[in-house]
Amino acid sequence: MLKTLNTDWKLILKDEFIQPYFKDLDVFVNNSYANNQCFPPKEQIFNAFNSCNLKDIKVVILGQDPYHNFNQANGLCFSVNNNEKLPPSLKNIFKELETDVNKPIPKQGNLQNWANQGVFLLNATLTVEAHKAGSHQNKGWETFTDQVIKTISTNSKNVVFLLWGSFAKKKTKLIDTSKHIIFTAPHPSPLSSYRGWFGSKHFSKTNEILIKNEKTAIDW
């Protein structure tokens with residue numbers, strides 16, 4: 001599995017990969033991909049990492065699980081491949097983006113351009129079995145991604161963390177709030193988006209913080 005992870009992150013997280021839980025996770029993931037249809041494609045499991053080195057991270061957005069239908073998941077949270085229908089949460093993200101920064105709603109849902117600019121799009125669980133939401137939860141991914149969040153918190157400064165929904169908000173305890181900025185909001189899913197997601201203005205607020213800290217704003 002680690003063959004697909006870039007060298008920078010391999011060095012930074014090397015102590016994590018020798019932990020017993022990660023060795024068990026590696027076996028589980030390899031067996032799952034060998035015996036079942038799983039997503040994202042194996043070479044994209046670490047796409048968020050390969051798109052954005054630690055030193056380049058300006059923003060972190062946290063998701064929970066990859067999409068579990070064919071041709072959707074590409075290793076970036078909330079993102080889908082080009083030519084795929086926009087999932088409801090992503091559609092609401094784009095609606096808020098339109099009203100917040102006056103950006104027309106994109107026809108494509110691939111967020112690779114965000115990742116290339118320093119937006120770390122991390123799911124708590126990096127793999128899933130086809131059509132079985134949450135099927136790879138509690139296998140070790142959450143332990144690993146919690147450690148990734150701690151690593152970013154420890155080794156970076158002035159990163160903007162966007163925590164959407166109750167699951168993501170629980171990760172606040174992993175972040176040093178004296179060094180970083182956290183914005184929280186309800187999840188952009190249709191079930192909760194009208195309870196404060198719309199009007200949260202996280203995209204413009206993020207760019208204001210980045211500019212204040214002499215970083216390049218994100219072209220959302």
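Me: What should I know before we start?
Reply: This is a predicted model, where local features need pLDDT of at least 70, side-chain atom pairs count only at pLDDT 80 or more, and totals for chains, interfaces and linings use all residues. Residues are numbered from 1 along each chain as its sequence is written, and side-chain values use heavy atoms, with hydrogens and water left out.

Me: Why is C52 called buried?
Reply: Buried means under 20% relative accessible area, exposed means over 50%, and partly exposed is in between (1.4 Å probe, protein chains only). C52 has 1% relative accessibility, so C52 counts as buried. C77 is buried too, at 0%.

Me: What makes the W114 and W220 rings an edge-to-face pair?
Reply: Rings of Phe, Tyr and Trp (its six-membered ring) pair if their centres lie within 6.5 Å; planes under 30 degrees apart count as stacked, over 60 as edge-to-face and the rest as tilted. By this rule the count comes to 21 aromatic pairs. One of them is F46 with F49, edge-to-face at 5.6 Å centre to centre and 75° between the planes. For W114 and W220, the centres are 4.8 Å apart and the planes sit at 85°, so this pair is edge-to-face. W114 lies in helix α6 and W220 in the segment after α9, so the pair ties together parts that are 106 residues apart in sequence. Helices (H or I, at least four residues) and strands (E, at least two) are DSSP runs, numbered from the N terminus. Both W114 and W220 are buried.

Me: Which residues form one aromatic cluster?
Reply: That's W9, F17, Y21, F22, F46, F49, F120, W141 and F144. W9 also touches C52, N53 and L54, among others; contact means heavy atoms within 4.5 Å.

Me: What makes a set of residues a nonpolar core?
Reply: It's a set of buried Ala, Val, Leu, Ile, Met, Phe, Trp, Tyr and Cys residues joined through side-chain atoms within 4.5 Å. The largest nonpolar core here has 67 residues, and those with the most contacts inside it include W9, F49 and W114.

Me: How do you know that β5 and β6 pair?
Reply: Two strands pair if DSSP finds at least two bridges between them. Five bridges join β5 (residues 160-164) to β6, and the two run parallel. F161 stands opposite I182 in β6. Strand β6 (residues 181-185) has I181, F183 and A185 on its covered face, with I182 and T184 on the uncovered one.

Me: How do you know that the charged end of K205 sits over the ring of F183?
Reply: The rule asks for NZ of Lys or CZ of Arg within 6 Å of the ring centre and within 35 degrees of the ring normal. The charged end of K205 is 6.0 Å from the centre of the F183 ring and counts as sitting over it.

Me: Is T145 buried or exposed?
Reply: T145 has a relative accessible area of 1%, so T145 is buried. T145 lies in helix α7 (residues 141-155) and touches L122, N123, A124 and L126, not counting residues up to four places away in sequence.
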